[in-house]
Amino acid sequence: MTSTPHHVVIAGGGVAGLEALLALRALGGEHVELTLVSPAPDFVYRPLAVAQPFALGSARRTPLEDATRSVGATFVHAPIESVDAAGRTVHLGDGSDLAYDALVLATGAASEPAFGEANVLTWDDSRDVDTVGGLLRDLEEGYSPSLAVVIPPGPGWPLPAYELALLIAADARGMGMRPEITLVTPETAPLAIFGPRAVEVVTEELEKAGVNVELGAYAEIDAGPPRAIVMRPSSRRLEVTRVLALPRLRGRAPAGIPADADGFVTVDAHGRVTGVPGVWAAGDGIAFPVKFGGLAAEQADAAAADIAADAGAVVERKPFRPVLRGRLLTSSGPRYMRYDASGGDGEGEATPHTLWWPPSKVNGRYLAPWLAARDEEAVADHLPQSGGLAVQTDLRRDYIAS
């Protein structure tokens with residue numbers, strides 16, 4: 001056991017970074033001294049950004065200074081420029097250095113347009129969501145009779161594309177218009193990562209909304225005229241007036257940390273960065289094909305348990321186990337989906353009732369209740385008296401079983 005607190009530096013103020021902060025305080029207690037470093041001053045809860053153009057929700061901000069203060073940690077407002085792994089020091093963008101015993105990289109991923117054509121609108125929840133407003137007006141007023149919502153190949157999170165297609169279809173139908181909307185995806189089935197039961201429910205929702213789906217399609221853009229989506233490997237063409245695409249993601253590993261050609265960091269099941277002692281990583285910046293806040297939180301928990309054990313806390317080291325929990329927004333209400341991607345969970349679950357508590361879109365064992373305590377109004381919307389079904393959270397069950 002260490003005689004002085006283990007100094008842990010957490011780089012990044014997103015889901016993985018904040019979950020790691022809360023988990024380390026809960027698991028490590030007095031054995032750890034925590035510093036959170038972030039180039040942004042706020043934690044931004046982005047999953048509801050897709051709902052903002054439809055007046056169904058919005059992104060929420062929490063000052064990171066408040067978050068760190070609540071757990072007795074230090075906040076440093078600066079980017080990390082590089083890591084001296086041999087000297088266990090990080091160099092910050094403000095010219096200062098920070099020594100660490102353990103470093104958690106939660107720097108996330110950068111997004112870029114998947115298609116370079118100027119007439120393709122890219123959906124990015126970190127940018128101005130109002131750009132979707134012009135597309136909605138064109139569809140509502142009949143100027144754009146067809147739309148393709150495209151999921152590009154590569155690591156990412158497909159669920160927002162389904163939400164956009166479903167909500168746009170409902171919005172246009174509410175204005176008396178019925179544009180032809182097609183979702184183009186390389187997936188073998190709609191939201192197949194959530195298992196067979198979710199595929200059935202999502203397929204039903206798409207059919208009910210009148211959204212066509214092109215599966216197993218790797219899209220290319222032919223700017224035309226006429227503008228068309230060329231789907232590989234079939235080479236079939238789909239002529240459309242507007243295209244809305246999810247972005248392509250790139251890792252943001254700082255200098256001094258090995259990464260693959262796309263900037264993603266390779267880690268083991270406990271989040272340890274391959275070949276770099278004393279450094280862990282979690283979240284969208286690691287080499288894992290699915291990028292999702294709930295998985296980022298699970299990865300952060302695995303890293304936190306490993307670090308806390310190193311610091312001398314009596315904690316079981318639990319490897320990352322991917323359990324997917326997603327809340328799909330539709331015009332008729334949310335659909336909750338849960339699937340154990342590591343196996344042993346049958347066909348998964350998909351239901352209009354909550355499958356976890358608090359019923360947030362991003363689920364973290366520590367982050368979700370921490371956020372819910374600061375957003376009572378959002379949680380109240382899901383209480384039984386307003387039509388929801390209160391259920392016991394399954395987060396603890398998942399971790400005991402892992």
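What follows is a conversation about this predicted model, going from the whole chain to single residues.

Colleague: Among contacts between residues at least 6 apart in sequence, what percentage join residues at least 24 apart?
Modeller: A contact here means heavy atoms within 4.5 Å. Taking the contacts in the protein chain between residues at least 6 apart in sequence, the share that joins residues at least 24 apart is 65%.

Colleague: Now the helices. Are H4 and H5 roughly parallel or roughly antiparallel to each other?
Modeller: Two packed helices are described by the angle between their axes and the distance between the axes. For H4 (residues 159-174) and H5 (residues 196-209), the axes come within 10 Å and cross at roughly 25°. Angles under 35 degrees count as roughly parallel. The crossing is left-handed, and the two helices are therefore roughly parallel.

Colleague: Which residues in H5 are met by H4, and how do the residues of the contact divide by class?
Modeller: From H4 come Tyr162, Leu166, Ala169 and Arg173, and they meet Val202, Glu205, Leu206 and Ala209 in H5. By class, the residues of this contact divide into 6 nonpolar, no polar and 2 charged.

Colleague: And H1 with H6: is that crossing left-handed or right-handed?
Modeller: The axes of H1 (residues 15-28) and H6 (residues 293-310) come within 8 Å and cross at roughly 35°. Residues of H1 in this contact include Ala16, Ala20 and Leu24, while those of H6 include Ala297, Ala300 and Ala304. The contact has 13 nonpolar, 2 polar and 2 charged residues. As for its hand, the crossing is right-handed.

Colleague: On to charges. What is the distance between the closest N and O atoms in the salt bridge of Arg236 with Glu214?
Modeller: A search of the whole structure finds 17 salt bridges. This pair links distant parts of the chain, with Arg236 in strand S17 (residues 236-239) and Glu214 in strand S14 (residues 211-214), 22 residues apart. Arg236 has a relative accessible area of 38%, so it counts as partly exposed. In its salt bridge with Glu214, the closest N and O atoms are 1.9 Å apart.

Colleague: Which residue does Asp222 meet in a salt bridge?
Modeller: Asp222 lies in strand S15 (residues 218-222) and its partner in strand S17, so the pair ties together parts that are 15 residues apart in sequence. Asp222 is partly exposed at 29% relative accessibility. The N to O distance is 2.9 Å, and the partner is Arg237.

Colleague: Why does Ser82 count as buried?
Modeller: Ser82 lies in strand S6 (residues 80-84). Leaving out residues up to four places away in sequence, Ser82 touches Thr89, Val90, His91, Pro254 and Ala255. Buried means under 20% relative accessible area. Ser82 counts as buried because its relative accessibility is 19%.

Colleague: Which loop holds Pro233?
Modeller: The peptide bond from Arg232 to Pro233 is cis, with omega near 10°. Ser235 has a positive phi of about 70° although it is not a glycine, and it is found in the loop between S16 and S17. Pro233 is found in the loop between strand S16 (228-232) and S17.

Colleague: Last one: what is the phi of Arg88?
Modeller: Arg88 is found in the loop between S6 and strand S7 (89-92). With a relative accessible area of 32%, Arg88 is partly exposed. Although Arg88 is not a glycine, its phi is positive, at about 50°.

How values were computed:
Residues are numbered from 1 along each chain as its sequence is written. This is a predicted model: local features need pLDDT of at least 70, side-chain atom pairs count only at pLDDT 80 or more; totals for chains, interfaces and linings use all residues. Side-chain values use heavy atoms; hydrogens and water are left out. Axes are lines fitted to C-alpha atoms, for helices over the stretch in contact, and angles run from 0 to 180 degrees between N-to-C directions. Helices (H or I, at least four residues) and strands (E, at least two) are DSSP runs, numbered from the N terminus. Angles under 35 degrees count as roughly parallel, over 145 as roughly antiparallel, 65 to 115 as roughly perpendicular and the rest as oblique. A crossing is left-handed if the near helix is turned anticlockwise from the far one by less than a right angle, and right-handed if clockwise. Ala, Val, Leu, Ile, Met, Phe, Trp, Tyr, Cys and Pro count as nonpolar, Asp, Glu, Lys and Arg as charged, and the others, Gly among them, as polar. A salt bridge is a side-chain nitrogen of Lys or Arg within 4 Å of a carboxyl oxygen of Asp or Glu. Buried means under 20% relative accessible area, exposed over 50%, partly exposed in between (1.4 Å probe, protein chains only).
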